[in-house]
Each structure stands twice: as C-alpha cells, then as structure tokens.
Amino acid sequence: MKGNRLIIILALALIVPALGSYVSAAGRQQRVGLVLSGGGARGIAEIGVIQALEENNIPIDYITGTSIGAIVGGLYAAGYSPAEMMELIKSKMFMEASTGSIDPRYRYQFFKPEPKPALLNLNMSPEKLSFSPILPSSLISPMPMNFSFMAIFARYTAQCGGDFDKLFVPLRTVASDMTNKCAKVWSNGQLTDAVRSSMSFPVVFKPVTYNGTLLYDGGIFNNFPVDVMKKDFHPDIIIGVDIHSTDTIKHFPDVLQQMDMLVIRPQSYDLDAGDGIKLRINLNKYSLLDFEKADEIYDIGYRHGLAMVDSIKKRVTSRRPASQVAARREQFKEATPRAYFDSVRVTGGTPMQNEYIRYLFTAEHPDTFGLQSALESYTMAVSTSRLNDLEPEAVYDRNSGRFSLQLRASVKNPVDIGIGGFVTSSANSMLFLSLGYNSLSHKAINTSINGWIGQSYMAGMLDTRLMLRRRHVSALGLEAVVWRQKFYENDKLFYQDDAPAFITDLEAFTRLKYSRATSRQSIFSLGIAYGHTDDRFYNNDESIVNSETDRNKTIRDLGQVSSRWTYSTLDDNSLPLEGRYIGVLGQGVWERYDFTPGAPMGRIVNAQQKGHDKWLQLEVKYLDYMSLGSKWSLGLESDIIVSTRHLLDDYNAAIVNAASFNPTAASYNVFNPQLRANSFITAGLVPVYKFNDRLTSRLAVHGFIPMRPIHQDSDGTACYGRWFSRASLYSELSASLKLPFGNLTAYGSYQTSPGNRWGVGISFGYFILAPRMTRL
C-alpha cells in the first residue's frame, strides 16, 4: 500500500510540472514565425503555402523574408490576402515592373523620340567631353519598378510610421550591403526600400542606394533568414519555406542561372527540428523570371502546404480562425491612409531640369492629386527619354494626412551620338549616323542631324523642335530632309556597283510645323512645306544602257499645307505584338512639273510636258495587333489613299510619280509598278507565333487594290482603268530574333506581279527611312 502511494506521488511530481507548462502555453498562444526564402518567380509557391496555412487556421505572427520572400512577406504584412497577392503578381503592372516596360497606354507619344535605325547610342557631356557608360546599370529599366513599389507600399509605411512591428504582421526583410560586404536587416524605414532592395538581383535590377551604400538582393548573404527570425522575434515555433534552386549543374545555363551560381554565396538552409518545421519545395524546373507561370507555381506551393498541414498541426497547437484573420485584415486596411499628394520636390538635376520635371507633375494638378495622376505624370517624365532613373519617395505628413512626392532624378547628358544601320542580303544595306542635342527644360530646343548612307538609299535630315510652355504640351518644329532611292530591274544580292539603276528617285523638302499632344497616345500637327523632286527612269519596254541621256526625267516643285493626327499604343515599331496605330494625313498640294523624255537609239521621243497641278490627298493608315494568348498574336493592317492628283501624259512618268505600297522592308528591294497608284486600298493579315520573348515568326499577307489602276495606252500615254478592276498580292514569311542591339531576320517573299516573283533573304538591324513629304 505504501509502495503504491510512493508511485502515485512520484508520478504526480512528474506530471504536474508538465501540466503547468501546458497550461502556461495554453494561457499564452504559441507565437508562430514564418520564414520565406528567395528564389525569384519560384517564390509564388510561398503564397500557396500561406493560403494552405490560413485555410487550416494556422496563425502567422511574424514574417522574415529575402528577395521574392520579402515581396510575399511584405505584401502579407501590408494586409494583402493570398488571393490579392496572386491578383497583383499576375497583373499587367507587376509584369511590366518585373520586365522594365511601361504600359503603352501610359507612354506619352509626344515626348517619344522618332524611331531611328541606331544600334548603338552614346551619351556625351559637352562640358567634360566625356561619354556616359555604354552598358546600362541594369538589364531591366528600374523606373517602372520604382513607381510600382512606391504605389504598393508607401501607404503602409505611413500607417506604421516606419516601424515594421506595427504592420498587419511584424516584418523583417534582408538585403545585401555590397559596400560593407554584409547583410542589411530592415526593421524600420521605407517599406518600399526594404522590399525593393531585398530583391534587387545584381545586373538584372538596379541596386537601392541607402545612406551611401549599395543594397542588392538579400540572397547573396542570407537567403533563408531563420537567424533573423530567432534574433528579432523569438517565436515559439518557426515554419520555414525553402524554394531556392538546388539544380546548380547545368550543361547550358542561361545568363540568369550563371549569375545566380556566381553571386549567391554558400549558406545554410537548415532549420533545426527543435526550432520548427521546414517545407522544402522542389521548383528547380522554373527560372527566376517565370512569372507568367504564376498559377502553376502557386498550385505546387498550395498542394505542398496542404500535404504538410498534419505535420504542422502536431507542432503548432494554437489556432486562429480564417474569419478572425480576415476581419482583422479589413480593420487594418480601413486604417490605411489614402495616397494623395499635395507637393512635389525634385532633386538630382540642374535647377532648370528639376523645375521642368516638377512642372510635369503639377501643371494640371496644382493642388492635390492621387496615385493615378502621379503615375501619368511619372510616365510622362520617363517618356522624354532624357532620364537614366527617377526614384520616387512618398513622405507622409500625419498632420495634413497628405503625402509629399519626392523625386530624385538622374538626367542623361544632352549630346547623343547614334551609330547603326541595316545590313541585308539585298542591295538595301545602309549605314546610319546621328548627332543630337536634347535638353530637359522649358522652351528647350532639341535638334538632331541624321544620315543614311547606302548603295540603294541615301538620306540626310535636320530635325529641330522648340518646346512651348503651355498647359497642353506643344512644340514648333522644323524639318529639312533630302533622300535618294534607287530601284533595280531585279533583286540584287548584297552590294553591286556594276548594274545601272532602273529608277532613281530624289526628294528634298523643308517643313515648318506646329505639334500638340491631344492625349497621351495621340499627336495633332499642322505643317507648311516646300519640296523638290527629281525622278529619273528608263522606259519599261527597252533595255538599259549606261547613258544618262537615255533616262526620262521628271522634276517637280511642290508647296504643301498639311494636317496630321497619329495615335499609337504599339509595343514595338518594327515587330509589334500588341497595340494599335492610327495615322491620318490630309494635305493640299500645289505642284509645278517638268517631264523631259530620254533619247535612246531607235525610239521616237515623246514630247516634253510642263504644267501645274493642284490636288488634295487623304491617307489613313491602320494597324491593330491583338494578343491571342501566350503564343499567338494577330495583326490587322490597312493603308488607304484617296487623291485628286492628275496623271502625267507619259505612262512611265505617271507610274514613277504615283504613291507606292511597301508593307515590309523586303518590299523596297524591287520597283513594282503593280503596287503603285494615286489612290488605293490595302488590307493585310499578320499572324505571329511567339516562340519566346525574343524569337517570333510572322506571316504577312497583304492585298493591294488600286481604286483606278494606271494603264498604258497604245500610244504610250497613261490612262486610268476601270474602278477596282485589278488586285495584287504581296506575302512574306519571316522569323525574327530580337537582340539588344537590333533585329536578326530571315524571310521569304512572294508577289503575284510582276511575273509571280519569289524572294529570299536575311537582314540585321532596323529598317527605318527618313520621312517622306506627302506620306505618313
């Protein structure tokens, strides 16, 4: 009996302390810390894990994260639900921020430089006679990400007063201080900087400058910040999510994989069993920038989280109903201040540059404006192409409840030198050189001199624009252009100087114009111009000999009054995949012409013809490219010209003077009289297949219908045929590789006339010619 009592007493002695510990733990809920590793787009799986934890009432009391883990952790700490995080990750805004692009809807076309075939652009300071670095500071432009991250996180910095312990969930992020070669743990300050610096992968993204140091991706020093969780928060238990790539041996690693292997230092991804439970998710098949596979990666993380729930519940005894979390989240959001700005301060440039950038933000919003207006003004400033970077910071004033928008600008040097051209297997190869001066200020005078030098095409252009300080952005411009185009009887391969030109067109004109932005995507302009043309050509029924006296000649002097309106949201001028372009050009022309026939042996010379003509012309050009999914786009193209222009008596002179249709670069290789008319309608269908972001293939099929085709009468004179009595087809199949310094294209073309011609070739560069006086 005494023995039994002794056993009971000893048992109680052992159980009671344990019960006391359990009661204590039960009286104080377990505090759970969530550690999120870095790993690029693979980190989307961490959102799936959070969703699985919330659905099973497993609490999250603290978060530490690195790189993508800092983004996911920062969003959760700011009160985003997993569904809201996925909506943001898949949004166009986030995709553009991660790729450094700006939504064409927000690009300001008025400030966008005219496209030029430059492959290399050098930026120079005239005072120091020094060039800016040729290579950019990052592969991806930082400016779209700068604004997006400020728009997402600035309000929560204001709400917590810069103290990350006062967020919806206390947060720590980790960046890498490469100036002092150590990890930087963010516990306070601007939440935007804390997240942005943690994911600034070297070379890909520009680092964040903080107190004189350069902060890069936190994964360099600490990609799985368990130690930060333990040191700063002392949780009862830790749940760690590790999504970093372990597949380091690759036969042909891409650039990002090579950088990942070179930059990330050896480090531990261990989580002691006594400290918590680790979820290791194998996502090696996904790359750092596979954000387009967000749903797929999320689903892997969600299913992995569900599979581990039972194991987690054995370690995590506390519960927090999802409804309670949702209610507390809504309460947190209700206390988040709205983003309204009542002042703008700009630093980094000269006083005139700073004032001009500030003017872009305040001209139409002198008092208070919101995030949408700030975005529109920010993209307007970026569209000037005169900024290396523009770093926004929203500083909150608790007294007024408003933000001050502080912008730190890095302005490009004013002198630009462009070198480029177009190299092709036909005779259309050319070299391009440009020299420009562009300032960033009120009443700035921007000017450029451009030259094209080639066997078939040569041109020179002076373009000057005076910016006017008006409520609506406007400018006065002066263009002086001269170009010469040679056409041959057949498509020539590369450079050939032993074949005479079948036709030589020369045009020179000067235009004074007033331009005004009618919207972000559209420009209206009025112009007055004077031009001179000199067309020399052989007749189509005789062999060519090397004698200038054999060639016919038409000289014209033209006066022009014109108005044009253009609208564009195209994502690329050369190889568009999405967006729309509409161009409308109306003009009245007064013309004096002088036709002189050549005098070859054995042919009766037609009489010289001189005279005057007045004509009106309307041209409408339309391009619409629609995305049909991740792999396909479809383009619709049309060009319509309606003209009252009269025919010259000589058939060949009339054909040479008529407007031409050139839907692709290869279509310029040969003079095709079947694709010329004074008035015509064209329609094109362009399906595009996207192998990846850089490699595409497109089939361009264009129909050309002259309203009244130009025919040759029995006596050699020109006359109009019946309305819409002829049609021609031009088609081209091409494959193009977009490189950082130009496009590499292989093509095959077919046209039904003349003679059902086939053509094949390759090209590299950008085929962009000087403006023409009477065409869009």
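**Exercise 1.** List the buried residues of helix 3 and decide how enclosed the helix is.

*Solution.* Start with the list: Ile68, Gly69, Ala70, Ile71, Val72, Gly73, Gly74, Leu75, Tyr76 and Ala77 are the buried residues of helix 3. Buried here means under 20% relative accessible area, exposed over 50%, and partly exposed in between, using a 1.4 Å probe and protein chains only. Helices are DSSP runs of H or I with at least four residues, strands are E runs of at least two, and both are numbered from the N terminus. Now count: 10 of the 10 residues in helix 3 (residues 68-77) are buried, so the helix is largely enclosed by the rest of the structure. After helix 3 comes Gly79, with a positive phi near 95°.

A word on the ground rules: this is a predicted model, where local features need pLDDT of at least 70 and side-chain atom pairs count only at pLDDT 80 or more, while totals for chains, interfaces and linings use all residues. Residues are numbered from 1 along each chain as its sequence is written, and side-chain values use heavy atoms, leaving out hydrogens and water.

**Exercise 2.** Work out the surroundings of Thr173.

*Solution.* Next, check its accessibility: Thr173 is buried, at 0% relative accessible area. Then look for neighbours, with contact meaning heavy atoms within 4.5 Å. Leaving aside residues up to four places away in sequence, Thr173 touches Gly65, Ala70, Lys184, Val185, Trp186, Ala194 and Ser198. Finally, the Thr173 side chain reaches the backbone oxygen of Ala194 at 3.0 Å.

Key:
A polar contact is a pair of N or O atoms within 3.5 Å; within protein, one must be able to donate a hydrogen and the other to accept it, and residues adjacent in sequence count only if both atoms are side-chain atoms.
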